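Please keep the sequence and the coordinates at hand while reading.

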Amino acid sequence: HSVVFVLSGAAYETAAEAAYVQSQGGLALAQDPSNCFEPVAAEALVKLGGKTADIPTLANMVLEYFKR
């Protein structure tokens with residue numbers, strides 16, 4: 001199992017790498033862009049199918065992912 005977090009940042013190219021992890025069965029999560037200091041990377045991941053949420057919800061999503 002693999003999980004990738006994309007938090008605040010402008011490195012949009014990391015979104016493609018995170019989306020690849022998701023395409024291989026992993027989980028790609030982005031901090032809610034509205035809560036990011038710099039939302040570029042998070043918005044890019046969302047466009048590629050990554051899920052977004054606030055930080056506490058992301059933590060719960062990871063816990064649920066590893067319970068399966």
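This is a predicted model: local features need pLDDT of at least 70, side-chain atom pairs count only at pLDDT 80 or more; totals for chains, interfaces and linings use all residues.

A pair of aromatic rings is described by the distance of the centres and the angle of the planes. The count of aromatic pairs comes to 1. This pair is formed by Tyr-65 and Phe-66, whose ring centres are 5.1 Å apart and whose planes make an angle of 80 degrees, an edge-to-face arrangement.

## Helix α3

Helix α3 runs over residues 55-67 and has 13 residues; from its first C-alpha to its last it reaches 19 Å, which is close to the 18 Å expected at 1.5 Å a residue. Within α3, the residues Leu-58, Val-62 and Tyr-65 are buried. They sit on the same side of α3, because the arc that they cover around the axis is only 60 degrees. An α-helix has 3.6 residues a turn, so residues three or four places apart point the same way.

On the other side of α3, Pro-56, Leu-63 and Lys-67 are exposed. The buried residues of this helix, for their part, pack against three strands, namely β1 (3-6), β2 and β3 (51-53).

## The largest nonpolar core

Which residues make up the largest nonpolar core? It has 11 residues in all: Val-6, Ala-15, Ala-18, Ala-19, Ala-28, Ala-30, Cys-36, Ala-41, Ala-42, Ala-44 and Leu-45. At least two residues of this core are supplied by each of α1 (13-23), β2 (27-31) and α2 (40-47), and the largest share, 4 residues, comes from α2. Apart from this core lies another, of 6 residues, including Leu-27, Leu-29, Leu-58 and Tyr-65.

In α2, the buried residues are Ala-41, Ala-42, Ala-44 and Leu-45. Seen down the axis of α2, these buried residues fall within an arc of 160 degrees, so they line one face of the helix. They pack against β1, α1 and β2. Ala-42, when its neighbours within four places in sequence are left aside, is in contact with Val-6, Ala-30, Gln-31, Pro-33 and Cys-36.

Just after α2, Gly-49 takes a positive phi of about 100 degrees. Gly-50 has its place in the loop between α2 and β3, and it counts as buried at 12% relative accessibility. Although Gly-50 and Ala-30 are 20 residues apart in sequence, their C-alpha atoms are 6.7 Å apart in space. Not counting residues up to four places away in sequence, Gly-50 touches Gln-22, Ala-28 and Leu-45.

Is Ala-15 buried or exposed? Ala-15, which is found in helix α1, is buried, with a relative accessible area of 1%. Leaving aside neighbours within four places in sequence, its contacts are with Ala-41, Ala-44, Leu-45 and Leu-48. Between Ala-15 and Ser-34, by contrast, there are 17 Å from C-alpha to C-alpha, at a sequence separation of 19 residues.

Ala-16 also lies in helix α1, but it counts as partly exposed, at 47% relative accessibility. Ala-16 and Val-40 are 24 residues apart in sequence, and their C-alpha atoms are 13 Å apart in space.

Gln-31 has its place in strand β2 and is buried, with a relative accessible area of 12%. A polar atom of the side chain of Gln-31 lies 3.2 Å from the backbone nitrogen of Ser-8; this distance meets the cut-off for a polar contact, which is a pair of N or O atoms within 3.5 Å.

What else is Gln-31 in contact with, once its neighbours within four places in sequence are left aside? Besides Ser-8, the list holds Val-6, Leu-7, Cys-36, Ala-42, Thr-52, Ala-53, Ile-55 and Leu-58. Among these, Val-6, Cys-36 and Ala-42 belong to the largest nonpolar core, while Leu-58 is one of the residues of the other core.

Notes
Residues are numbered from 1 along each chain as its sequence is written. Side-chain values use heavy atoms; hydrogens and water are left out. A nonpolar core is a set of buried Ala, Val, Leu, Ile, Met, Phe, Trp, Tyr and Cys residues joined through side-chain atoms within 4.5 Å. Buried means under 20% relative accessible area, exposed over 50%, partly exposed in between (1.4 Å probe, protein chains only). Contact means heavy atoms within 4.5 Å. The expected span of a helix is 1.5 Å times one less than its number of residues. The arc is that of the directions from the helix axis to the C-beta atoms. A polar contact is a pair of N or O atoms within 3.5 Å; within protein, one must be able to donate a hydrogen and the other to accept it, and residues adjacent in sequence count only if both atoms are side-chain atoms. Rings of Phe, Tyr and Trp (its six-membered ring) pair if their centres lie within 6.5 Å; planes under 30 degrees apart count as stacked, over 60 as edge-to-face and the rest as tilted.
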